[in-house]
Amino acid sequence: MPSSKKEALFIASLIALWYSSNIGVLLLNKFLLSNYGFRFPIFLTMCHMSACAILSYLSIVFLKIVPLQVVKSRPQLLKIATLSVVFCGSVVGGNISLRYLPVSFNQAVGATTPFFTAVFAYLMTFKREAWVTYAALVPVVVGVIIASGGEPGFHLFGFIMCISATAARAFKSVLQGILLSSEGEKLNSMNLLLYMSPIAVLVLLPAALIIEPNVLDVTLELGRKHQYMWLLLLLNSTMAYSANLTNFLVTKHTSALTLQVWNWLAS
């Protein structure tokens, strides 16, 4: 089989795995947050990132799937820390916006992620897309502006949080693309997840304790009440590791803009 076909098949397989992992995480999130009364999305995200840190460490150090890479400089570490903080900001901002905006409108605003990705890609890497690509993004942005004016459940603070979370998600995609492909600072996907995840946990932990103050007591109580909750939480966190890892891999083998377009189509 020609190398180009092998590459295309590999990328298609990555996208399929990424889709299936995301769907699994979303379904289990919905099940835990709705059916089990586990109403702690920030703590749940922290569990996801804890699993990413542990499974990445086991895969690299013990299973030796890929070699351990070291952070070469302070600027590189700063970029990884920024990636972690931006990721946490996008999650927290998105969760806060859902308190004020309908889910349908939240998803409509999220459709502008490819637009922000194209802007950040140009500002950070000077990478230009074809004019057709930019032209195709204009109707999406215009549609969101029109929808904002006619949305009966519009809330200004909720909209600001939602658009901030959308921009943060786009910025994260571009930054992770740089860390995965830059010659001087290149990290493979598993090592990037290894270094990013613990920082994300350190950021999310105080946020969870402040915004969700009774999370530990309620979680332990739910664990005693529902015998399968711990198993579902473990499975959910493991699938989140797969979703995050394949997210990085798709970014590495395509582009940040391609990732967000596929993500928008999937949603």
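**Entry 1: S97**

I looked up S97 and found it in helix 3; helices here are DSSP runs of H or I with at least four residues, strands are runs of E with at least two, and both are numbered from the N terminus. The model is predicted, so I note that local features need pLDDT of at least 70 and side-chain atom pairs count only at pLDDT 80 or more, while totals for chains, interfaces and linings use all residues. Residues are numbered from 1 along each chain as its sequence is written, and side-chain values use heavy atoms, with hydrogens and water left out.

I checked the accessibility of S97: at 0% relative accessibility, S97 counts as buried (buried is under 20% relative accessible area, exposed over 50%, partly exposed in between, with a 1.4 Å probe and protein chains only). I then listed the contacts of S97 (heavy atoms within 4.5 Å). Leaving aside neighbours within four places in sequence, these are N106, G158, M161 and C162. I also took the C-alpha separation of S97 and I163, which is 9.0 Å for two residues 66 apart along the chain.

**Entry 2: aromatic pairs**

I counted five aromatic pairs in the structure. Rings of Phe, Tyr and Trp (its six-membered ring) pair if their centres lie within 6.5 Å; planes under 30 degrees apart count as stacked, over 60 as edge-to-face and the rest as tilted.

Why is the pair of F38 and F43 tilted? The ring centres of F38 and F43 are 6.2 Å apart and the planes stand at 55 degrees, so the pair falls in the tilted class. I found F38 buried at 1% relative accessibility, and F43 buried at 11%.

Next I looked at Y57 and F62, whose ring centres are 6.1 Å apart with planes at 70 degrees, so this pair is edge-to-face. Y57 is partly exposed at 41% relative accessibility, whereas F62 is exposed at 58%.

I noted one aromatic cluster formed by F38, F40 and F43.

**Entry 3: the nonpolar core**

I looked up the largest nonpolar core, which has 41 residues (a core is a set of buried Ala, Val, Leu, Ile, Met, Phe, Trp, Tyr and Cys residues joined through side-chain atoms within 4.5 Å). The residues with the most contacts inside this core are F38, F43 and L192. Among the elements that give two or more residues to it are helix 1 (3–35), helix 2 (41–62) and helix 10 (229–253). Helix 8 gives the most, with ten residues.

I went back to F38 for its contacts. Not counting residues up to four places away in sequence, F38 touches L32, L33, F43, L44, T219, L222 and M229.
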